[in-house]
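Please look at the sequence and the structure before reading on.

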Amino acid sequence: MPELPEVEYTARQLRASVIGATMSDAQVFWERTIGYPDIAQFLTQIKGRRIEGVRRRGKFLLVDLSGEYFLSIHRRMSGNFLLLPMGWQIDTSTRENDPARWSVKGPIFYNEQAELPVSADSGKVSVMAPIAPATISLSATTHCRVCFSLHDGRTLLFTDPRKFGRIELWAKSQEDEAFAFMGPEPLGPLFTPISLTEALTRRKTPIKTTLLDQEVVAGLGNIYADEALFDAQIHPLRPANTLNHDEIQRLHASIIAVLQLGIEHGGTSFNDYRDIWGEEGSNFDHMRVYQRTNRPCLTCATPIERITVAQRSTHYCPICQPTHQKQFIQV
DNA sequence: ATTTAGACCTGTCAGC
DNA sequence: TGCTGACAGGTCTAAA
């Protein structure tokens, strides 16, 4: 699922394309996606509200709405937003009971290369969209859980194969309380080597586990935690409170570096993640340890190892990321 | 007090 | 081909 870079990239894309649009209607195809309030209230409250801003807090996407409300969206493992151009809509008519096979329908456009009309079943064929800055991949439209209609004729789909994602509508006055548990934004001014030191000194859990804790730092997930630890040359099983000054300095810089690279590459796609035009991010091509088990380390050619830490698969180089003990013996 | 299974879900891929 | 098991960007709850 999306981690900080994927959510940030989506927030930037939406900010550039839907600010000022008004929500005219919404359809909910999987009720548990709406976490608060209940469906009836959610649908009533959302109608007629203007989108005034799009922000991110940790892995939450926040859509500011007129009347001092905001949508709080957590995509969990497989949630995505897809923005359909004017005139395009989700088509549930042919296979009502199988959201996995729903598609989008719209004005007929022609595939740039093949010059063939695009049909609802064409799957991975890309179509030239009338007002989108990129093409839209039809394959990304499956598993639609919530469909927002905008007054200007565009449609914003929330797709989520695994159904873990949640969308909530809250008054803005509730925001501070709702996010009080979360640690500092890693790309913001409050995340410093000192604040990281304070967060780590009290914890003896493995550093990998600690980095996944949203109270320590907001927005890190399994991909970027592994990548940051490799970049900082720290073994994932090192107890958090045993990192020395230099290691914390490195880790702080590495967290920022891998997240910024992820954003620059449009996020990491190895399965579900897509941007709002249905395109994959390219950051998977820049992974150094994640999902590279048994492949050579890009620094020392040693095969990357995979272990389980806190029930999450964890990838590291046994030479570049020595345990404390090994480091001690080598010296 | 912390670890750690289990739940929530569907899809994909490797191996038989 | 079809079945089975492992695994996938997350987080919460309950049992050990």
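In this predicted model, Lys163 lies over the face of Trp30, at 3.4 Å from the ring centre; a charge sits over a ring if NZ of Lys or CZ of Arg is within 6 Å of the ring centre and within 35 degrees of the ring normal.

A search of the whole structure finds five aromatic pairs, where rings of Phe, Tyr and Trp (its six-membered ring) pair if their centres lie within 6.5 Å, and planes under 30 degrees apart count as stacked, over 60 as edge-to-face and the rest as tilted. Among them are these two:

| Pair | Centre to centre | Angle between planes | Class |
|---|---|---|---|
| Phe270 and Phe284 | 5.8 Å | 35° | tilted |
| Phe270 and Tyr290 | 5.9 Å | 50° | tilted |

Phe270 and Phe284 both lie in the loop between α7 (245-264) and β14 (305-309), so their pair ties together parts that are 14 residues apart in sequence. Tyr290 lies in the loop between α7 and β14 as well, so its pair with Phe270 ties together parts that are 20 residues apart in sequence. Helices (H or I, at least four residues) and strands (E, at least two) are DSSP runs, numbered from the N terminus.

Phe270, Phe284 and Tyr290 form one aromatic cluster.

Residues are numbered from 1 along each chain as its sequence is written, while chains are lettered from A and ligands numbered from 1 in the order in which they are written. Local features need pLDDT of at least 70, side-chain atom pairs count only at pLDDT 80 or more, and totals for chains, interfaces and linings use all residues, while side-chain values use heavy atoms, with hydrogens and water left out.
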